[in-house]
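Here's a quick tour of a protein model and the two ligands that come with it. Have the viewer open and follow along.

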Amino acid sequence: LAEPAIPGPLAGRHALVTAGPTHEPIDPVRYLANRSSGRQGYEVAQALAALGARVTLVSGPVDLPPPTGVTLHRVETARQMLAACRDALPCDIAVCAAAVADWHVAAEATRKIKKTAGALPPALTLVPNPDILADLSTPGPNRPALVVGFAAETDTVEQHAAAKRLAKGCDWIVANDVRPETGIMGGMENEIILITGDGAEQWPRMGKQDVATHLAERIAAFFTPDFS
Ligand code: CTP
Ligand code: CA
């Protein structure tokens, strides 16, 4: 007989992770999107599963293999991502690593918009997308015990991220500096500042997989203070 699996510190917990960009259609062939490889979110999903959590990963379009031992829901738009997240509730942990498009096109064209010689380019009217992190952070019976957001910033990273934590109502923010010269966006490494209610911690630069492992361990310690 096989040895029973050693239950990890997150056994019995359900974790919801968002990852990747969203695509907001303009017409059947064009869309608006954010830059995101999805790598950091996929690594977080995998790391939480490795500690025993049941993980639901809601992912926008990415070019990554599905993580093992994780339930994957693929979505395209922010509105679909929100719906998939709400469907996944209740959960104990939510980690919003997705680079959600902030707007969608008010009137998606059902047919391809054609260029017309001499005519002005089409004007796009944008409307705000739902904020999934803020939605999951809203107090109520379904609010996860721990909600973690990410903040991609190019200036005064810590201040912007700390303000974002309060604005969204989440518990922690993982802040990173996405100025192109850092190579973080699209790269394999990350350098983060973890902002909790107790303050800010600068972590050394490390691989995205290591960031995910350390973050998952911090999450486990939140639920089981003896775990380290
Ligand atoms: N987020 C979300 N839904 C949105 C926008 C953002 O869930 N519609 C989440 C992201 O997954 C991330 C956090 O909110 O965890 C911060 O995203 P970010 O784009 O840095 O912040 P915004 O509030 O959108 O502010 P801005 O883009 O203006 O800096
Ligand atoms: Ca944004």
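## Where ligand 1 sits

First things first: this is a predicted model. Ligand 1 sits in the largest pocket. The elements giving two or more residues to its shell are helix 3 (132–137), strand 9 (146–153) and helix 4 (157–168). Strand 9 is the top contributor there, with 4 residues.

There are 14 residues around ligand 1, and the ones that come nearest are Cys96, Ala98, Pro130, Lys164 and Lys168.

## Polar contacts to ligand 1

Which parts of the protein reach the ligand's oxygen and nitrogen atoms? Start with cysteine 96, where a backbone N or O atom lies 2.6 Å from an oxygen atom of ligand 1. Lysine 164 uses its side chain instead: an N or O atom there is 2.6 Å from an oxygen atom of the ligand. Over at isoleucine 132, a polar backbone atom is 3.0 Å from a nitrogen atom of ligand 1.

And how much of ligand 1 does the protein bury? On its own the ligand exposes 570 Å², and the protein buries 75% of that.

To find aspartate 102, look in the loop between strand 6 (93–96) and strand 7 (103–105).

Most residues other than glycine have a negative phi, and most peptide bonds are trans. Two spots here go the other way.

One is the peptide bond from leucine 89 to proline 90, which is cis, with omega near 0°. Proline 90 lies in the loop between helix 2 (78–88) and strand 6. The other is threonine 156, which has a positive phi of about 30° despite not being a glycine. Look for threonine 156 in the loop that runs between strand 9 and helix 4, two elements that also give residues to the ligand 1 shell.

Technical notes:
Residues are numbered from 1 along each chain as its sequence is written. Chains are lettered from A and ligands numbered from 1 in the order in which they are written. This is a predicted model: local features need pLDDT of at least 70, side-chain atom pairs count only at pLDDT 80 or more; totals for chains, interfaces and linings use all residues. Side-chain values use heavy atoms; hydrogens and water are left out. A residue is near a molecule or strand if one of its heavy atoms lies within 4 Å of it. A polar contact is a pair of N or O atoms within 3.5 Å; within protein, one must be able to donate a hydrogen and the other to accept it, and residues adjacent in sequence count only if both atoms are side-chain atoms. Accessible areas come from the Shrake-Rupley method with a 1.4 Å probe; for residues, only the protein chains shown count as cover. On a 1 Å grid over the protein atoms alone, a cavity is a set of points where a 1.4 Å probe fits but cannot get out, and a pocket is an open set with protein on both sides within 12 Å along at least five of seven lines; lining residues have an atom within 4 Å of a point. A molecule sits in a cavity or pocket if more than half of its atoms lie within 2 Å of its grid points.
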